[in-house]
Amino acid sequence: MSEAIISMKNISFSYENKQILDHINFSVSKGSFMGLVGPNGGGKTTLIKLILGLQKADAGSIQLFGQPIEKFNNWHKIGFVSQKANAFNKGFPATVYEVVSMGLTAKVGYLKFFQKKHKEKIKEAINQVGMKAYTHENIGNLSGGQQQRIFIARSLVNDPELLILDEPTVGVDNENVQRFYDLLDNLNRNKGITMLMITHDTGTIAEQATEIACLNKTLHFHGKPEAYKRISNEEWSHIYGHNIHLITHDH
């Protein structure tokens, strides 16, 4: 059995007396690409906040890389990419190089100069996401899909072993969505980075992920894409609380 990068046991969480998560048992294996789906308000973002240590569970335990989250301090092993393409200020005066370099400030320090090894790391991260030609371009001039590549590069400068993405294709045009998935697939398969991605694209994730979980306060499904695709439309409607049809795509 593969090593568990994330392990959550009997996790419950409430906010203002409203149950958000109810006895969640959830794990992400090393080297996997986990897709996390579910309706709005189902607890997906809360789950991510618990993993990132931004919220504390009411009950249950969380382990990261085999350590209890309370003792875990190797946060550089975890990269996080949010819905930046949908809300990013296009007037922000920074180049691609400068934005990616921000990923190193916590390690190097805000007032210290980057050494040659740091500069090479920044260039390497930009190259990894296929954006070398845009190194000195203003971030605001890029498309949503290109911006998201840069935000991934900002995470990559710290050599993360786990990359968490919260709806990263929001604001990305349809033409570039598959290119974005191809990038994630390359980072997962060829670079060995474990992926955990929240998405509402229930069809495409079935073709991209190695494992899928469906969350709506409780964990309704946690397994392989083949089993995920066999969930009936009636079951989906029950999970989501309204009619929904899973549409898979062949690429």
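**Sheet and helix packing in the predicted model**

In strand 4, Ile62 is the bridge partner of Met8. This is a predicted model, in which local features need pLDDT of at least 70 and side-chain atom pairs count only at pLDDT 80 or more, while totals for chains, interfaces and linings use all residues. Residues are numbered from 1 along each chain as its sequence is written, and side-chain values use heavy atoms, with hydrogens and water left out.

Strand 1 (residues 4–15) and strand 4 (residues 59–64) run antiparallel and are joined by five bridges; strands are DSSP runs of E with at least two residues, helices are runs of H or I with at least four, and both are numbered from the N terminus. Two strands pair if DSSP finds at least two bridges between them. The open sheet has four strands in the order 2-1-4-5, with antiparallel pairing. Strand 2 (18–29) and strand 5 (67–68) each have a single partner strand, so one side of each is left without a neighbour in the sheet.

Turning to the helices, helix 6 (residues 144–156) and helix 7 (residues 174–189) pack at an angle of about 15 degrees, with their axes 11 Å apart. Axes are lines fitted to C-alpha atoms, for helices over the stretch in contact, and angles run from 0 to 180 degrees between N-to-C directions. Helix 6 and helix 7 are therefore roughly parallel (angles under 35 degrees). Their contact (heavy atoms within 4.5 Å) involves residues including Ile152 and Leu156 of helix 6 and Phe180 and Leu183 of helix 7.

How values were computed: Angles under 35 degrees count as roughly parallel, over 145 as roughly antiparallel, 65 to 115 as roughly perpendicular and the rest as oblique.
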